[in-house]
Amino acid sequence: MPRGNEIPVRVRSEIVALHNAGKGYKLISKTLQIPHSTVRNIVIKWKRFNTVATLSRKRKYEERTKWEIQDEVVVE
């Protein structure tokens, strides 16, 4: 399911390409009209995971659900 106001992969790739060309966050931000913090986050994510695709989020379980999962694992 897409997230609200998600930046397309094409634009993310363009941000990384501009960064590799030596452009700064602020210049990329002004060029593409995207907040500089978003540009920075996309570049940091690219450096860390080497991808511009949207990654899944970590799921958080309630304490009770954790117990139920552990019980199922132990029983089987």
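Does Ser29 count as buried or exposed, and at what relative accessibility?

**View 1. Ser29 in helix α2 of the predicted model.** At 12% relative accessibility, Ser29 counts as buried, a term that means under 20% relative accessible area, with exposed meaning over 50% and partly exposed in between (1.4 Å probe, protein chains only). Leaving aside residues up to four places away in sequence, Ser29 touches Ile34, Pro35, His36 and Val39, where contact means heavy atoms within 4.5 Å. Helices are DSSP runs (H or I, at least four residues) numbered from the N terminus.

**View 2. The buried side of helix α1.** Val11, Arg12, Ile15, Val16 and His19 are the buried residues of α1. They cover an arc of only 140° around the axis, which puts them on the same side of α1; the arc is that of the directions from the helix axis to the C-beta atoms. These buried residues pack against α2 (25-32) and α3. After α1 comes Gly22, whose phi is positive, near 95°.

**View 3. The crossing of α1 and α3.** The axes of α1 (residues 9-20) and α3 (residues 36-49), which are lines fitted to C-alpha atoms over the stretch in contact, with angles running from 0 to 180 degrees between N-to-C directions, come within 10 Å and cross at roughly 80°. The two helices are therefore roughly perpendicular to each other (65 to 115 degrees; under 35 is roughly parallel, over 145 roughly antiparallel and the rest oblique). Arg12, Ile15, Val16, His19 and Asn20 in α1 meet residues of α3 including Val39, Ile42 and Trp46.

**Notes.** Residues are numbered from 1 along each chain as its sequence is written. In this predicted model, local features need pLDDT of at least 70 and side-chain atom pairs count only at pLDDT 80 or more, while totals for chains, interfaces and linings use all residues, and side-chain values use heavy atoms, with hydrogens and water left out.
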